[in-house]
Amino acid sequence: MKLIYGTTNKAKIDFMKKHTEPLGIEILSLSDVNAPKLEIDESGKTPIENAKIKALAYYRELRQPVFSCDSGLYIDGLDNARQPGAHVRSVGGRELNDEEAIAYFSSLATEFGGSITARYQHAICLVLDDAQVYEHMGDDIASERFLIVAKPHKKRNEGFPIDSLSVDIKSGKYYYDMDDRTKKLAEGDDGFATFFKRVLQGETRNKYPANGR
């Protein structure tokens, strides 16, 4: 089955392809289907709201099965007004590029003594047709807790700037310096694959209900 991923972020597309290929799902990018550039108002207060806004916008334009994801970054001990949440790159009303985001979160870690504990909450929304809209945000697709540190790693992963500041709590190593086995363990359960499998095989068990619009 072919599904369109409503994003232009290559790193995100590669990640999802890795997790869905064993299910026989072919992930297509927006450029693969010559999708027009849409101005989408991602004004949702949570990752699930933004994922749904994007997925519905692309479905209405393309009229093909499409999904979108969104993430929120939540930092332990940070007051609500300063939580990155669903708007990780938005600081002071301005969108940060990768290097600016690295600099901002590096300075935040410095403010709290050199490191802060954080976690990503991920969300996904899949639109198969007008009557079938599936959405999910839960612990099975959330990251484990990790450290954001003040000193950036020299490596960069375009589209994922905070990866350069991310350190595994147990080992104290940058994720970029961990071996393949440890990296796999750090990723946690394959919740995205489980989501697609249950929805496409009709085994949702009320976990990811279809919502008519």
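Leaving aside its neighbours within four places in sequence, which residues is leucine 3 in contact with?

1. Leucine 3 is in contact (heavy atoms within 4.5 Å) with Ile25, Glu26, Ile27, Leu28, Pro65, Phe67, Leu126, Leu128, Phe196 and Leu200, once neighbours within four places in sequence are left aside. Apart from this, there is a basis to state. This is a predicted model, in which local features need pLDDT of at least 70 and side-chain atom pairs count only at pLDDT 80 or more, while totals for chains, interfaces and linings use all residues. Residues are numbered from 1 along each chain as its sequence is written, and side-chain values use heavy atoms, with hydrogens and water left out.

2. Leu3 also belongs to the largest nonpolar core, which has 18 residues. A nonpolar core is a set of buried Ala, Val, Leu, Ile, Met, Phe, Trp, Tyr and Cys residues joined through side-chain atoms within 4.5 Å; buried means under 20% relative accessible area, exposed over 50%, and partly exposed in between, with a 1.4 Å probe and protein chains only. The residues with the most contacts inside this core are Leu3, Met16, Phe67, Ile124, Leu126, Phe195 and Phe196. Two or more residues each come from strand 1, helix 1 (10-20), strand 3, strand 6 and helix 5 (191-200). Helix 5 gives the most, with four residues. Apart from this core lies another, of 17 residues, among them Phe146, Ile162, Tyr175 and Met178.

3. Now the strands. Helices (H or I, at least four residues) and strands (E, at least two) are DSSP runs numbered from the N terminus. Strands 1 and 3 run parallel and are joined by two bridges; two strands pair if DSSP finds at least two bridges between them. Isoleucine 4 stands opposite valine 66 of strand 3. Strand 3 runs antiparallel to strand 6, with 10 bridges between them. Of the 10 residues in strand 3, eight are buried.

4. Cysteine 69 has isoleucine 124, in strand 6, as its bridge partner. The whole structure holds zero disulfides (a pair of cysteine sulfur atoms within 2.5 Å), according to a search. For cysteine 69, the nearest cysteine sulfur is that of cysteine 125, 9.4 Å away. Cysteine 69 is buried at a relative accessible area of 11%, and cysteine 125 is buried at 0%.

5. Helix 2 (residues 47-62) has 16 residues and reaches 22 Å from its first C-alpha to its last, close to the 22 Å expected at 1.5 Å a residue; the expected span is 1.5 Å times one less than the number of residues. Its buried residues are Pro47, Ile48, Asn50, Ala51, Lys54, Ala55, Leu56, Tyr58, Tyr59 and Leu62. Their cover includes strand 1 (2-5), strand 3 (66-75), strand 6 (115-129) and strand 7 (132-136). Arginine 63 follows helix 2 and has a positive phi, near 55 degrees.

6. In helix 1, Ala11, Ile13, Met16, His19 and Thr20 are buried. Asparagine 9 caps the N-terminal end of helix 1, with a side-chain oxygen 3.0 Å from the backbone nitrogen of alanine 11.

7. Histidine 136 is found in strand 7 and counts as buried, at 9% relative accessibility. Its side chain makes a polar contact with the side chain of aspartate 140, at 2.8 Å. A polar contact is a pair of N or O atoms within 3.5 Å; within protein, one must be able to donate a hydrogen and the other to accept it, and residues adjacent in sequence count only if both atoms are side-chain atoms.
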